[in-house]
Amino acid sequence: MPKKTSVTPARATKAAKTVEAADARQAYGAPALEKGLDILELLADMSRGVTQSEIAQLLGRSLQEVYRVVMVLERRGYIQRRPGDDGLFLSNRMHDLSNRYPPLRRMLDIALPIMNTASVEAYQALHVAVLDHLDIRVVAQVDSPAPLGFRLRVGTQNPAAATASGRVLIAFQRPAIKDWAFLEIERTTSEDTAKALEHRIEAIHRRGYEMIAGEGLQGITDVSFPILDAEGHAMAVLTMPYLSSAKERVSFENACRAVFEAARAITEAFGGRLPAPTFPLAPIREKRPPARPT
């Protein structure tokens, strides 16, 4: 007979308190702050000035509820009125605040701790690159914890079309940027080469990653995953230049999983979503590294 699990009163009480604490955290709020955020989000979507009465009506709140919040937002410079106009507009203050923390610096502050953890889990070096015209530029790098490893220096620049990182970056760009990149590729290469590269980039977009062995250096397999923003476009790419070793501690498949989870964590920090590919990863070209020796 299956063994029954008994629940002691103390355990039941502890579980109940845990649920109550979670419910309390979820229910807890700051009404005035939420009203302020509602007003800012409303004005961000408006192309004309809006009076306090209109704000209250559009938000489904009373004029008294929004009055004090509007006064504070106006006093702090987040919203403003034009001379001789009662309509309220968003000011440039939020834009100024966002520019105090440049997007690249913010991404690196978020990415580096995650990359350090992933490099230990994968037992490989990792780097992050961004698109710079039709090149990639490495903006962050962490070394492998292994005695031997391969890495690209920060600042390294290579043609995007000739690298796993660059093809992933192009594949997940906004349509206008992707179209421009394709036009530039067609202008600088033969028609057959351009068509093959475009098909490859579209395949990368469908798969969600790029993997290729021996493209830049024999013995290295590059595996790249995009880092996406909230709209699903690539801000950067996370790449593992996998170096196989007779004494490797982590299998190739597990290393790929660790890198994907890192790219997903960075993506989620920016409000994006990175769909999981099918593991083990299927190579687009060339062979996967040999299996780890048993």
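Predicted model: local features only at pLDDT ≥ 70, side-chain atom pairs only at ≥ 80, totals over all residues.
Good morning. In β5, glutamine 157 is the bridge partner of arginine 137.

Six strands form an open sheet, in the order β5-β4-β3-β8-β7-β6, with antiparallel pairing. At the edges are β5, residues 157-159, and β6, residues 210-213, each of which pairs on one side only. From one strand to the next, the twist averages 30°. For those new to the subject, strands of a sheet pair through backbone hydrogen bonds, either parallel or antiparallel.

How many bridges link β3 and β4? There are seven, again in the antiparallel sense. Within this pairing, valine 128 stands opposite alanine 140 in β4. The two strands form a hairpin with two residues between them, and histidine 133 in the turn has a positive phi of about 60°. Six of the eight residues of β4 are buried, so this strand is largely enclosed by the rest of the structure.

At the other end of the order, β6 pairs with β7, residues 220-228, over four antiparallel bridges. Here methionine 211 has valine 223 in β7 as its bridge partner.

Two helices deserve attention next. Helix α6, residues 103-122, packs on the sheet and touches β3, β4 and β8; its direction makes about 60° with that of β4. Helix α10 lies across β3, β6, β7 and β8, running at about 20° to β7.

The largest nonpolar core has 56 residues, and Val128, Leu238 and Met240 have the most contacts inside it. Helix α10, residues 252-269, supplies the largest share of this core, nine residues. Apart from this core lies another, of 14 residues, including Leu40, Ala56, Val66 and Val70. As for leucine 238, its contacts beyond four places in sequence include Met115, Val128, Val223, Phe225 and Val259.

Alanine 161 is found in the loop between β5 and α7. Is this residue buried, partly exposed or exposed? Alanine 161 has a relative accessible area of 27% and is therefore partly exposed. Leaving aside residues up to four places away in sequence, alanine 161 touches Arg167 and Leu197. Its C-alpha atom is separated by 9.0 Å from that of isoleucine 201, which is 40 residues apart along the chain.

Thank you for your attention.

Definitions and conventions
Residues numbered from 1 in each chain as written. Heavy atoms only, no water. Core = buried A, V, L, I, M, F, W, Y, C linked by side-chain atoms within 4.5 Å. Buried < 20%, exposed > 50% of the residue type's maximum accessible area, 1.4 Å probe, protein only. Contact = heavy atoms within 4.5 Å. Pairing = 2+ DSSP bridges. Axes fitted to C-alpha atoms, helices over the stretch in contact; angles between N-to-C directions.
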